[in-house]
Amino acid sequence: MFLSDHFISVSQDFSTFKNKTPAPWFKKDIHVRGDMKKAEITVCGLGFYELFLNDKRITKGFLSPYITNSDDVVFYDHYDITEWIAVGKNEFKFLLGNGMQNAVGGYMWDFDQAAFRSLPKLSFAIEITYSNENVERIEADETVTTKSSKIIFNDLRLGETYDCTFDAGEWKNAVFTSSPLGEKKLSIAKPILARDEIKPISIWKEENSYIYDFGVDTAGVCRININAEQGQKVVLTFGETLQNGRFSIRNTTFHNIADRYFQQDTYVCRDGENIWQPTFTYHGFRYVKVDGIKSEQATNDFLTFVVFNTFLDEKGSFECDDHTINKLNNMSLNSTLSNFHHIPTDCPHREKNGWTGDAALSASHTLLYFEPTDNYKQWLFEICKSQNEQGAIPGIVPTGGWGFEWGNGPAWDCVLTEIPYQIWQKRNDLSSFMECKNSILKYIKYIETRLDENGLIAIGLGDWCAPHGAPKSLLLLTDSIEVYDITHKAGILFLAVGDTENSDYCLNFAENIRKNIRKQFLDRDTCTLAKPCQTSQSMGIFYKIFNDDELDKAMQVLMHEIEKSDYHIDTGILGGRTLFHVLAENGEMDTAIKIMKNPTKPSYMQWVLNGDTALCESFEESDGISSHNHHFWGNISAFFMEQICGIKVNADKIHIEPHFPSTMNFAKAEFYSVFGKVSVKWKRVNGKIIFNLDYPNDAKGKLILKKDEEINAESGEYII
C-alpha cells in the first residue's frame, strides 16, 4: 500500500503555553464510480488522528497511529474501507491532536525544544481499485479544507479543553508543510481500546468541589454526562491519592511547576444534554476533583471512568489460596496494563515516558501474562532509530534529544537486548533480535570505549528507588554486571541465529567483564561481592558471577543481610528483579514470601495495607511524591508463575520446576505457549502435594519436582 510523502497543516506556526492552537479538522470529498472493486486508505496524523468516513468513525483505536519521534520514524495506519465507502460522493474527515509532535506539556524532558516539533500535520493516500484493475489515488494536498475544532487545547500529559460555545470559523484550504525526516513504516502495533467502564464508589464535597472516587488507580479518561446550561464550565482534575483525607495532585505533578503542570480536562457545555469524553489525552488516576457543577448534577451517572490501554491478549494467569499474593499479582498486572499505551511507559500521569529500564525490568512478566510482541517489536525499531552515532541509547524512547546525559546507562540500555531475548524465550521468536542485532553490536562496541582501566563501567543509573535513600550497591558493580548480562545474552542470541563470529565476540566480552568483576569485588573467603547487601549478593548469584562451588557461602551472606534487615526488602529495582528468584531457587522460598508479606515497610505488603491498587514507584512515602502506578517492581508476577507453579519457558523448551511455600496449600497457573496451553495446579492433601500438569504434546522440557530429580515433562498427576 502506498505511503504518501505529502503532509498538510493549517499553517507553519506552532503553539506555546501562551498561544494554544485548537485541534484542526481536515476534510476531503471524493467521488467513487459504480464499478469500484476495493477501497483502501493509509493515514498518518502527527501527533494523533481520528478518521471519519461519511460521518462514521473508523479509527482503529485511541491515540492513533502511535507515539513517536517523527525525525526517527513515521508510522502510518492502513484501512480497508471497501465496506464503508459508497458509490458517488464520499466525505473523509480527519481530526488531529498534538501528541508528541507538539507536546506543550513535555518540556521537562525537552520535548518543547525537539527539532521535529510542529503543529499537527496530516498525510493520507486513498486508493480506489476498479473492476478493470485501474487504480485511482487521492493524496493529501491543498484542495483539502481545514478549520478549527471545538477542542481548543489538547496535550498528551496535561489534558484537553472542549468548548461547545467556541466559533470554529469557516473551512479554508490547507497548506503543504514539511515532511517529517523519519523512516516511513506501516504500524503493526495493536490499538489502544477500552477494556472497562467504572462507576464511582463514593462521592463527597470539599469546599465547592466534588470528589469522585473510582476505587482503582488505573488509566483512561472520564466521560461526562450532564444536563447543563449554555456556557457552564466543568473542570475535572485527576489525582492518584488523598493527603490527610483530601484530594491531592502532589505525586502526579512536579512541585516546582504544579500551578501549570497537572492532569486536567475542561468542558464548556451547550444548553441541555451533554455527553463528552476527551479524544487526544489520557490520565492516570483514582480520584477526580470536579469544579463547576451544582449539587443536583453531582450524581453517580455524571462521570464514568473509561479505562483503556493497548489491546493485549491474555497469555497467562496465576491464582493461589493466599489473598495477599493474589492481591499483589492483580496490582502488578494492573500497573502493567495502566502503563501500556502503544509503548511501555513509566507512569500513566505526570510522565508517560518510554523509560527503557522500566520496560526491561517488566518484559519477562508482561510476555508471560499478555501478548505485547508486536508493540515491543515496533518500539524496538524506535529504540534502534534513537541510537546516536557513538552507539549510546537515551533513557527514554521516544525522545526529543533528552536522556543521553542523564537517565540511561547499562541498566536502562539493556532493553535493546533484554526485550529481544525475552521474546525469543517466551515466543521462540528471533525476528526482533534480527532487526536489532546491528544496533546491539554498535552498542557493545560503544560500551567497550567506556570501560575504565580495570575493565569495568559506571556511567548510568544504578539500583534505582532503593529504600532508605541511596543504593547500598556500588554503581560500578551493578553497571558492570548489567554489561555482563547484556553481552552474554547477545552472545547466546547470535549463536541462536548461527552467527558464531559475533557470538564469540560477545561471549568473550562477557567473560572478560565477569573476570574483572570477580577480580575487583569478590572476597573469595567469604563469597561476598563488594560491600555486602541484598542487591550485590542476589545479582551476583542470579547472573552467575559466583561459581557453583561458591553458591552456598554466597547464599549465607545474602541470608545474613536479609536477617539484618529483619526480613524487609532492602534493594532497588535491580536487586528487586533478582532477589526473590534467587531465594526460591536456592531453597529459601518461604523467606521470599516472608519478605514480600512483611507487614512493616519497606515491603510489598505496605502497599496492600495502604489500600493501593497498583504497584508504587518507591517504598519511601515520606516525600509524598512517588507515583502509585509503576510497573518496574512487577516481576513478582513472573516469580509467582515461574517459581510457585514452576512454568519456565525457554525458547523451544518448557521446563516445570515448582517450589512450594509452606504457607500455601493451593496454587495454579496457565500459560498459552507457542506449543499450546501449559496448565499447572497443585494442592496439599494430608501432608502430600498433589501436582497436576497439563502439558502440550509438541512441547519438550524437564519436570523437576524434587531437587536433583528430573524427568521428561508430560501431562499427568504426580504425588510429592
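Visitor: Which side chain has a polar atom 2.9 Å from the backbone oxygen of Asp155?
Guide: The side chain of Thr281. Bear in mind that this is a predicted model.

Visitor: What other backbone oxygen does the Thr281 side chain reach?
Guide: The one on Leu156, at 3.1 Å.

Visitor: Is Thr281 buried or exposed?
Guide: Buried: its relative accessibility is 1%, and the cut-off for buried is under 20%.

Visitor: Which residues is Thr281 in contact with, leaving aside neighbours within four places in sequence?
Guide: Asp155 and Leu156 are on the list, along with Arg157, Gly159 and Glu160. Leu63, Val221, Asp265 and Phe308 complete the set.

Visitor: Which of them lie nearest the centre?
Guide: Lys544, Glu585, Gln643, Lys648 and Glu657.

Visitor: And how does the lining of the largest pocket split by class?
Guide: You get 18 nonpolar, 14 polar and 18 charged residues.

Visitor: What about the second largest pocket, what volume does it have?
Guide: About 630 Å³. It is lined by 29 residues, and Arg350, Glu351, Trp464, Cys465 and Glu617 are the closest to its centre. By class, this lining has 14 nonpolar, 6 polar and 9 charged residues.

Visitor: Now the cavities. How many of 30 Å³ or more turn up in the whole structure?
Guide: The search finds 4. The largest cavity holds about 140 Å³ of space.

Visitor: Which helices each supply at least two residues of the lining of the largest cavity?
Guide: Helix H2 (356-369), helix H7 (475-496) and helix H11 (573-585). H7 gives the largest share, 3 residues.

Visitor: Can you name some residues, and what classes are in that lining?
Guide: Among them are Ala360, Leu361, Glu482, Asp485, Lys489, Leu574 and Arg577. By class, the lining of the largest cavity has 7 nonpolar and 5 charged residues, with no polar ones.

Visitor: And which residues line the second largest cavity?
Guide: Leu46, Gly47, Phe48, Tyr66, Ile67, Thr68, Ser70, Met100 and Gln101. They divide into 5 nonpolar and 4 polar, with no charged residues. The volume of this second largest cavity is about 40 Å³.

Notes. Residues are numbered from 1 along each chain as its sequence is written. This is a predicted model: local features need pLDDT of at least 70, side-chain atom pairs count only at pLDDT 80 or more; totals for chains, interfaces and linings use all residues. Side-chain values use heavy atoms; hydrogens and water are left out. Buried means under 20% relative accessible area, exposed over 50%, partly exposed in between (1.4 Å probe, protein chains only). A polar contact is a pair of N or O atoms within 3.5 Å; within protein, one must be able to donate a hydrogen and the other to accept it, and residues adjacent in sequence count only if both atoms are side-chain atoms. Contact means heavy atoms within 4.5 Å. On a 1 Å grid over the protein atoms alone, a cavity is a set of points where a 1.4 Å probe fits but cannot get out, and a pocket is an open set with protein on both sides within 12 Å along at least five of seven lines; lining residues have an atom within 4 Å of a point. Ala, Val, Leu, Ile, Met, Phe, Trp, Tyr, Cys and Pro count as nonpolar, Asp, Glu, Lys and Arg as charged, and the others, Gly among them, as polar. Grid points are joined across faces, edges and corners, and a volume is the space filled by probe spheres set on the points. Helices (H or I, at least four residues) and strands (E, at least two) are DSSP runs, numbered from the N terminus.
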